Structures are given as structure tokens and as C-alpha cells.
Amino acid sequence: MSETVADVVLSRLREWGVRQVFGYPGDGINGLLAAWAEAENDPQFVQSRHEEMSAFEAVGYAKFSGDVGVCAATSGPGGVHLLNGLYDAKLDHVPVVALVGQTERSAMGGSYQQEIDMLSLYKDVCSDFVQMCTVPQQIPNLIDRAIRVALSEHAPTAVIFPSDVFELDYEPPAHEFKQVPSSLGIEQAVADADPDAVARAAAVLNDGDKVAMLVGQGARGCVDELTQVAETLGAGCAKALLGRDVLPDTLPWVTGSIGLLGTTASYYLMDECDTLLMVGSNFPYTQFMPQLDQARGVQIDRSGKWIGMRYPNEVNVVGDAKRTLQQLIPLLEQQEDRSWRSTVERNVAHWRKTAQRRAMTDADPINPMRIFHEFSERAPSDSIIAADSGSAANWYARHIEFRDEMRGSLSGTLATMGPAVPYVIGAKWAHPDRPTIAFEGDGAMQMNGLAEMLTVSRYWKQWTDPRLIVVVLHNNDLNQVTWEQRAMSASPKFAESQDLPEMDYAAFARGIGLGGINVEDPDQLGDAWDRALAADRPTLLDVRCDASIPPIPPHATFAQAKSLSTALIEGDEDSWGVIKEGVKQKVQQYIPGTKPEP
């Protein structure tokens, strides 16, 4: 029996080492589904509840494995639904391949059912590579190129298949004119930086008295090199959100997150430095970096496309982060004056006390920061963490101490709602032997997290370690937007857009055979975490928390304070709660020591 195009697509994925494809069926890919049945579900088809979740699961898999993630969807609406997850991959530089159906070739151009100009639709999100397969000879080259480009460019790519093409007999490309053969595999190059550029970068850094470092996800795997640079220069180091797991927070000179969700220690690091070294970061918020005439800048990045666009650097060095740091280290001079380092470490110690005091401050009923603090105190050393967009991202950025082999991520640049649960599902296929934790606002949980818990219930017994914990910040409010209305738009909370319908999330989890724990008392939190982390199945923690706890930025501007005051004066429904909790939180910054813990 001859092979079809669909048979070869799946066999080619297997040859590339793809073991799961995250997808949702439809008649636009029926030929591929038939081949899957013949292939005895190899690679495994992991069925989500929605194509957007399939894409997010592929992103989560790719983020936490370093390998390419693959998703699949039918023609028309299926392909449309993938887009949000693929844009998440594009903006966070993650390798994902989408296999997308299209109407039959004979119907194309005829305004047929589910016919969309897929090439035009995908040309932005998959701008590095998107092609349509119209004849069998294009396979396997299209699959190979889609995977290679995704891995090389750290970007999403797509191959579009008219539905009838899947069922055609496969003919390999021949040794003929206008036929394109292909081959498996890719051996990635490691870019060495120009030695003269590295020497100029070293000269700038050696001349600095107060060196600040900013690292992002591009510096992952460089702990030893970053530590040596920081120790030699007496520098402090802040982390972009996507680089939260690049350096352990246990190092006394690591100031934590930077930006609106950042720490006071990172704010002071940038506010007072005279030299800035950026490594593997495209952090976009220049206002949280030094003043434009304050510091001399050096940046190291693997790509010339992303370098020199956030700060007026003197030296922009293109090269692999690890190799470039290794070239740089022998050229650095030991900074004998450690007063700057001492200042950085004092600010870090003060921030950690402030963070602990804020987390342990009473609220009505539970302070959301305490949820993250209690987890951080008992987090497994190999845990994989995802935070959703919204207020969960605030507390993830500030109140989880990354150490050992812990990994973490969120939708850093797109900042879309809803990826945390599918991220940890994807992470479970990448690392079935590690515990995964998703921190989810109740808005994101209602948007798509609840449905995807059904996916968890379907597949969890295939994982070596059954622990997948979803934590719902239950306050019946789209809290981040509520605070943005107050602090940025001088507008009181608009309840019609912000209030959420009430439901029992833990009961839902229990109803589908998972663990579900309701937490309404702060003193129950520690025990709830212990139970979830020791559970023999995935568990949902439904935590009632206070919507009035303000996500205080590291440095509130006059404009933000004025805007918030105006919103409260004009009749915010919770003005007294906001004032009370805001004062309680702010004062923790000025009280010495830590608070007693249970």
C-alpha cells in the first residue's frame, strides 16, 4: 500500500523527534487524522478543548523543553483560533510549528465553506516561514524547513495543507529541475563575537564604578559566567520577566524583576548606576532603565535584529551569550571598591524583608501575595511555574524566589490572558517527571482554564509525576484592569466590565476527578500547599483573596498617584478598601525586620 502525504508528514515529524502534537480535529485535516490512526497515534495527538489552547500548549512545551513545539488545526476557524498562541510564540521568541488545514484545491477561490486566505492570514505571525503544500513532492522539504527555521529564528512557522493534498499518494522530490530535495537535522552554529567589540565592551565596563546588569531569557544557561562578571565588577543584576529563572534569587546581588512589576532593589539599581550591561534581553520599558544620559551601555545579544534598540549603548555586541561572556571575562578588571556592591546587597535585603512583610499583612480574607510567598517557602527544587497575565503576574514577579533547577515563564510580551494552564500542560509533556504549577486569575480561569482542566483530567495518568497544581486567585474581579483603570485612567472601577460571576472552582475540579481545595482562611494556606504538593493527582487550589490589595510599583510616579486619587474621589465602589490596604502595604516598606510566620 502506497504512502500518502499525511503518512509522510507524520513519519517526518517522528524522524525529527516530535513526540506530541497539540491539536483539535476538523474535516480540513481529516486525511491527517486518518494517517494518525494508521500510525497508532505516533506522534501522540494531544487533544485540547480549543485550538488556541493547542497553540499555548505547544508554546509551553517549547519554552520548557528548548525543542520545537507542534500544533495542528483544521481549516477556517481552526486556523484562526491558533493565531493568539502563535503570536505569543512570535513575541516571546519560541520555536513552534503549526500544521493547518485549508479547503480542497478545486474549491479554492470559490468562496467555499471555511475558505480563508490562510497565507495572507499567517504571513505576519509566521513571517519567518509560511508555505502551502500543493503537490506531494514538496514534502518533506516543507516540514524540514518549518522546523529548522523555527529552531534557528526562535519563531513560529506554518505549513498549510489543502485537505485533498493529505490523501494524495506520496512522491518524493526527484533529481530533476525545479524539484527540491531535503534532509533531516540541524547542527546549530554558536556565534562568536568580534574580539575588537568584546575588548571595547570590556573597556567600558572596567571604567564603571557602579555597574548594573540586566539579563533576560537569552542568558539562560550562563549562571557561572554571569556570576563571574558580577563578582569581578562588583555589579548588581536585575532580571526581565522572561528571565526570572536565569539566575537564582538566592544570590545576594540579584535584585529580582525589573519594571512596573519589579522590585525596589531593581529600581534603585537602575536609578543609581553609571554603567549598564544587558545580556540576552529585549526588555522594552526604557523608563525603568537609567536616564538616557546617565550610564554607559553595553549589550550582548545573539541577533543584530534585536540589539541596540532599548538604550543608547556605546557597544552592541552580537554573539552567543555564553561564548561572549567567556570571551569578556579575561578582559575584565577586578573592582576593588565594593561600596556599590554593598549598597546593592543592602537594597536586596531590604526588599526581601519588605516583600515578606507585605505578603504576611492581613487582608480580607486572604492577601494574594501570601499565596505566592507560602508556595515559595516550600517550592520543589525542580518545579516548573507559569503565571497568567493580570495580577498573578505581579505577585509571580515579586514573591517567588527562584532557586536550584526551578523554571518559570509567562506571556511576557503579548501579555495575553489564558496561557498559564495550557503552558503547564505543555510543560508536563516536556518534563513528565517534574511538578508544574499554574497561577491563574479567576478571569483567565473562566476564560479558558476551566475547560482545559478537562484536558488535565484526560491525560494526567500518563505523567510520571502526577502533580499539576492550578491556583485560582478568586476575587471575582478582573483585578489588573481594575487597577489600571484607577492608576492610569483616573477612572473608578466600572463594575459592569470588571465583576465576574461567582463559582466554586475547587468543586469543579473535584467533579471531574481531580483534587480541589477551597481556602478561605490565610492560616489554611500552608496546609493547602502541603496537601497539593503531596497529592497523587492534579489539584486545584481555590483561594479567596482580597481584590483591594494594590500592585504597588517600585516607584509610584506623581501622575499615577494623582490618577488613583481622582478615581477614588469620583466614587470607586471600594475606595475605603483600596485606601486601607494601600496604606497597610506601603508602610511595610519602612518597618524593619520580617513578620512572624505560622
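This note sets out several points on the packing of a predicted model.

1. Largest nonpolar core. The largest nonpolar core of the predicted model has 50 residues. Those with the most contacts inside it are Leu82, Leu86, Val96, Tyr122, Met445, Val470 and Leu540. Helix α3, residues 51–65, supplies the largest share of this core, with 7 residues.

2. Another core, of 38 residues, lies apart from the largest one. Among its residues are Ala393, Trp395, Ile469 and Ile549.

3. Surroundings of Val470. Which residues does Val470 touch, leaving aside those up to four places away in sequence? Its contacts are Val421, Ala438, Glu440, Met445, Met453, Thr539, Leu540 and Leu541. Two of these, Met445 and Leu540, are listed along with Val470 among the residues with the most contacts inside the largest core.

4. Helix α3 against helix α14. Two packed helices are described by the angle between their axes and the distance between the axes. For α3 and α14 (residues 420–430), the angle is about 50° and the axes are 7 Å apart. At that angle, α3 is oblique to α14. The crossing of these two helices is right-handed. On the α3 side, the contact includes Met53, Phe56, Val59, Tyr61 and Phe64; on the α14 side, the residues met include Pro422, Tyr423, Ile425 and Trp429. By class, the contact has 11 nonpolar, 3 polar and 2 charged residues.

5. Helix α1 against helix α2. Helix α1 spans residues 5–15 and helix α2 spans residues 30–38. Their axes come within 8 Å and cross at roughly 60°, and the two helices are therefore oblique to each other. Here too the crossing is right-handed. Ala6, Asp7, Val9 and Leu10 of α1 meet Gly31, Leu32, Ala35 and Trp36 of α2. This contact divides into 6 nonpolar residues, 1 polar and 1 charged.

6. Helix α9. In α9, residues 264–272, the buried residues are Thr264, Ala265, Ser266, Leu269 and Met270. What do they pack against? Their partners are the strands β7 (211–215), β8 (236–239), β9 (254–257) and β10 (275–279), together with helix α11 (339–359).

7. Glu484. This residue lies in helix α16, residues 479–489. Is Glu484 buried, partly exposed or exposed? Glu484 counts as partly exposed because its relative accessibility is 32%, which falls between the limits of 20% and 50%. Glu484 and Pro551 are 67 residues apart in sequence, and their C-alpha atoms are 9.9 Å apart in space.

Key: Residues numbered from 1 in each chain as written. Predicted model: local features only at pLDDT ≥ 70, side-chain atom pairs only at ≥ 80, totals over all residues. Heavy atoms only, no water. Core = buried A, V, L, I, M, F, W, Y, C linked by side-chain atoms within 4.5 Å. Buried < 20%, exposed > 50% of the residue type's maximum accessible area, 1.4 Å probe, protein only. Helix = DSSP H or I, 4+ residues; strand = E, 2+ residues; numbered from the N terminus. Contact = heavy atoms within 4.5 Å. Axes fitted to C-alpha atoms, helices over the stretch in contact; angles between N-to-C directions. Parallel < 35°, antiparallel > 145°, perpendicular 65-115°, else oblique. Left-handed = near helix turned anticlockwise from the far one by under 90°. Nonpolar A, V, L, I, M, F, W, Y, C, P; charged D, E, K, R; others polar.
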